Amino acid sequence: MRKLSWVVLSVPWFAFGCVQPSMEDMTPKKPPAPPEMAKLEAWLGTWTGEGQMVEPSPEEMKKMMGPAAEDMPTTFKGGQKVERVLDGMFVREESWHEMPKGQREHFVGYYGWDARAKKYKAWFFSDWGGHGGGTMTLDKNGVWHMDFSSVDCRGNASSGTGTVRMIDDDNMEWTWTEKGPWGRMKMKGVSKRESK
């Protein structure tokens with residue numbers, strides 16, 4: 001009976017000793033940046049580019065905006081600066097593009113790897129009040145595919161898809177298709193790296 005009692009009493013202590021980690025093991029340790037973030041290296045640097053409105057046509061745009069509206073430009077310029085932040089855990093983008101009447105829209109965006117979803121996640125914010133986010137994947141041909149949704153400052157929702165393909169080390173081409181309060185809009189363009 002004494003032997004059985006010793007065994008019964010010692011089992012919980014033995015089990016607890018096996019399960020309980022040492023205090024050293026419990027100390028938080030900062031993880032390295034995910035290796036998947038290396039795939040975004042090609043985006044780093046300062047870029048300038050030009051885009052083109054493919055849809056709607058200038059005539060269709062005029063119909064939507066009314067006869068008193070000014071003609072909308074079919075091409076526009078833009079630029080961006082992309083850099084690693086937070087010890088490489090994320091990539092941060094500051095970008096802008098031209099708007100009608102000499103205006104500009106500025107964006108701040110963040111891109112990171114979601115280990116649970118096995119996808120890249122993106123978030124962006126505009127000085128025109130828009131904000132949104134989405135996911136990105138890289139296919140076997142080196143083309144990035146993006147799915148995004150956003151809300152503007154008036155509460156209007158939009159959703160979009162896009163692609164980015166590196167032409168070479170310093171040039172990329174992109175497409176963007178969006179459905180929102182203005183209907184379907186389709187754009188395409190190219191960007192050139194000015195510096196790394």
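**Strands and their partners**

Guide: Start with Tyr-110, whose bridge partner in strand 5 is Trp-123. Strands here are DSSP runs of E with at least two residues, helices are runs of H or I with at least four, and both are numbered from the N terminus. This is a predicted model: local features need pLDDT of at least 70, side-chain atom pairs count only at pLDDT 80 or more, and totals for chains, interfaces and linings use all residues. Residues are numbered from 1 along each chain as its sequence is written, and side-chain values use heavy atoms, with hydrogens and water left out.

Visitor: How many bridges join strand 4 to strand 5?

Guide: Eight, and the two strands run antiparallel. Two strands pair if DSSP finds at least two bridges between them.

Visitor: What do the strands close into?

Guide: A barrel of ten strands, in the order 1-2-3-4-5-6-7-8-9-10, with antiparallel pairing. From one strand to the next, the twist averages 25 degrees. For such angles, axes are lines fitted to C-alpha atoms, for helices over the stretch in contact, and the angles run from 0 to 180 degrees between N-to-C directions.

Visitor: What about strand 2 and strand 3?

Guide: They form a hairpin with four residues between them. Strand 2 covers residues 75-85, strand 3 covers residues 90-99, and eight bridges pair them in the antiparallel sense.

Visitor: Is Leu-86 buried or exposed?

Guide: Leu-86 counts as exposed because its relative accessibility is 59%. Buried means under 20% relative accessible area, exposed over 50%, and partly exposed in between, using a 1.4 Å probe and protein chains only. Asp-87 is exposed as well, at 59%.

Visitor: Moving on. What sits over the ring of Trp-96?

Guide: The charged end of Arg-104, 3.6 Å from the ring centre. That label applies if NZ of Lys or CZ of Arg is within 6 Å of the ring centre and within 35 degrees of the ring normal.

Visitor: How many aromatic pairs are there?

Guide: A search of the whole structure finds nine. Rings of Phe, Tyr and Trp (its six-membered ring) pair if their centres lie within 6.5 Å; planes under 30 degrees apart count as stacked, over 60 as edge-to-face and the rest as tilted. Trp-43 and Trp-144 form an edge-to-face pair, 5.3 Å centre to centre with 65 degrees between the planes. Trp-43 lies in the loop between helix 2 (23-26) and strand 1 and Trp-144 in strand 7, so the pair ties together parts that are 101 residues apart in sequence. Both are buried.

Visitor: And Phe-76 with Trp-174?

Guide: Their ring centres are 6.4 Å apart and the planes are at 45 degrees, so the pair is tilted. Phe-76 is in strand 2 and Trp-174 in strand 9, so this pair ties together parts 98 residues apart in sequence.

Visitor: Last one: where is Gly-49, and what does it touch?

Guide: Gly-49 lies in strand 1, residues 45-55. Leaving out residues up to four places away in sequence, Gly-49 touches Phe-76, Lys-77, Gly-78, Val-190 and Ser-191, where contact means heavy atoms within 4.5 Å. Gly-49 counts as buried because its relative accessibility is 19%.
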